[in-house]
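Subject: Structure handover

Hello,

I am passing a structure on to you.

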Amino acid sequence: MSLLEKGVLLFNLILLITGIVLYNTNFDVFQVYIEEDGFVEWITVLGLLGVVFVCLNRLITLRKEKNAFFLFVTAITAILFFFAAGEEISWGQRIFGIESSDFFKQNNAQQETNLHNLVVGGKKINKIIFSTVLSICLGIYFLLFPLLYVKWNKFKQFVNFSGIPVPRVYHAAGILVTFLLSEIIRDGKRAELLESGAALIFFLLMLYPMNGEIFRKKQVK
């Protein structure tokens, strides 16, 4: 692994351990540590925006070399992670002191301008989609994708044609360790640490995927 990879993984581990220690020794400081617009949340946002930057850079550098679907997938990835970053900070609402509309006041669990805290039929969208469905999708992506990529040549060809980054073993291990350590904290806000760790792992995944060669610009001889 590169120095950057080791550094980000170590930083993520320090974030998690700090959260565990603060939760067990000084709960008031722990609450500040994982509060809205706090340190941990901004790490999440930076990780997500890091993915956006990587994708946009690839769109620019590979626009003349790759097929339209490859570029489409890369663009959609950038949009999704930008959306996630915006949702994380409620699109700057708290930063700029913008008041929520009546719709969000009535239908959002935190009365904020974001979608993931909307309540539909008495259930938070965050629980239905962003937790359950997303967890299943991530499990398939981190565990099944790499195996199929290595074992099934046609799948490998499709993935490379589509420009889908494939997780390496340490990416899957990093997500698993992040989940297990965050579970030590028996507080709902442990999700903030899980989110920050996932964002950092995804940033590394986008930079250093198993199929990294497909994202390199061809050298002109």
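Below is what was found in it, from the overall layout down to single residues.

Please keep in mind that this is a predicted model.

Overall layout

The chain has 10 helices and two strands. Read from the N terminus, the order is α-α-α-α-α-α-β-β-α-α-α-α. The chain is 221 residues long, and 42% of them count as buried. Take the contacts between residues at least 6 apart in sequence: 66% of these join residues at least 24 apart.

Helix α10 and its partners

Start with α10, residues 190-207. This helix has 18 residues. From first C-alpha to last, α10 reaches 26 Å, close to the 26 Å expected at 1.5 Å a residue. Of its 18 residues, 13 are buried, so α10 is largely enclosed by the rest of the structure.

Helix α1, residues 3-25, packs against α10. The angle is about 175 degrees, and the axes lie 10 Å apart. The two helices are therefore roughly antiparallel to each other. On the α1 side, the contact is made by Leu-4, Glu-5, Val-8, Leu-9, Phe-11, Asn-12, Leu-15, Leu-16 and Gly-19. On the α10 side, it is made by Leu-193, Ser-196, Gly-197, Leu-200, Ile-201, Leu-204 and Leu-207. By class, that contact of α1 with α10 has 11 nonpolar, four polar and one charged residues.

Val-8 is worth a look here. This residue sits in helix α1. Val-8 has 12% relative accessibility, under the 20% cut-off, so it counts as buried. Leaving out residues up to four places away in sequence, Val-8 touches Leu-200 and Leu-204. Val-8 and Phe-203 are 195 residues apart in sequence, yet their C-alpha atoms are 9.3 Å apart in space.

Helix α9, residues 169-183, also meets α10. Their axes come within 9 Å and cross at roughly 170 degrees. That makes α9 roughly antiparallel to α10. From α9, the residues in contact are Tyr-170, His-171, Gly-174, Ile-175, Thr-178, Phe-179, Ser-182 and Glu-183. They meet Arg-190, Leu-193, Leu-194, Gly-197, Ala-198, Ile-201, Leu-204 and Leu-205 in α10.

A crossing pair: α4 and α8

How do α4 and α8 lie to each other, roughly parallel or roughly perpendicular? The axes of α4 (residues 68-88) and α8 (residues 153-162) cross at roughly 70 degrees. That falls in the 65 to 115 range, so α4 and α8 are roughly perpendicular to each other. The axes come within 7 Å. Phe-69, Phe-70 and Val-73 of α4 meet Asn-160, Phe-161 and Ser-162 of α8. By class, the contact of α4 with α8 has four nonpolar, two polar and no charged residues.

Cysteines

How many disulfides does the structure hold? The count is zero. Cys-55 counts as buried, at 3% relative accessibility. Cys-137 is partly exposed, at 42% relative accessible area.

Single residues to check

Asp-37 has a positive phi of about 60 degrees, although it is not a glycine. Most residues other than glycine have a negative phi. Asp-37 lies in the loop between α2 (27-33) and α3. Its relative accessible area is 24%, which makes Asp-37 partly exposed.

Thr-61 is in helix α3, residues 39-62. Thr-61 counts as partly exposed, at 31% relative accessibility. Thr-61 and Lys-218 are 157 residues apart in sequence. In space, their C-alpha atoms are 10.0 Å apart.

Phe-104 belongs to helix α6, residues 102-107. Phe-104 is buried, with 15% relative accessible area. Phe-104 and Val-119 are 15 residues apart in sequence and 9.6 Å apart in space, C-alpha to C-alpha.

In short

α10 is roughly antiparallel to α1. α9 is also roughly antiparallel to α10. α4 and α8 are the roughly perpendicular pair described above.

Best wishes

Definitions and conventions. Residues numbered from 1 in each chain as written. Predicted model: local features only at pLDDT ≥ 70, side-chain atom pairs only at ≥ 80, totals over all residues. Heavy atoms only, no water. Axes fitted to C-alpha atoms, helices over the stretch in contact; angles between N-to-C directions. Helix = DSSP H or I, 4+ residues; strand = E, 2+ residues; numbered from the N terminus. Parallel < 35°, antiparallel > 145°, perpendicular 65-115°, else oblique. Contact = heavy atoms within 4.5 Å. Nonpolar A, V, L, I, M, F, W, Y, C, P; charged D, E, K, R; others polar. Disulfide = S-S within 2.5 Å. Buried < 20%, exposed > 50% of the residue type's maximum accessible area, 1.4 Å probe, protein only. Expected span 1.5 Å × (residues − 1).
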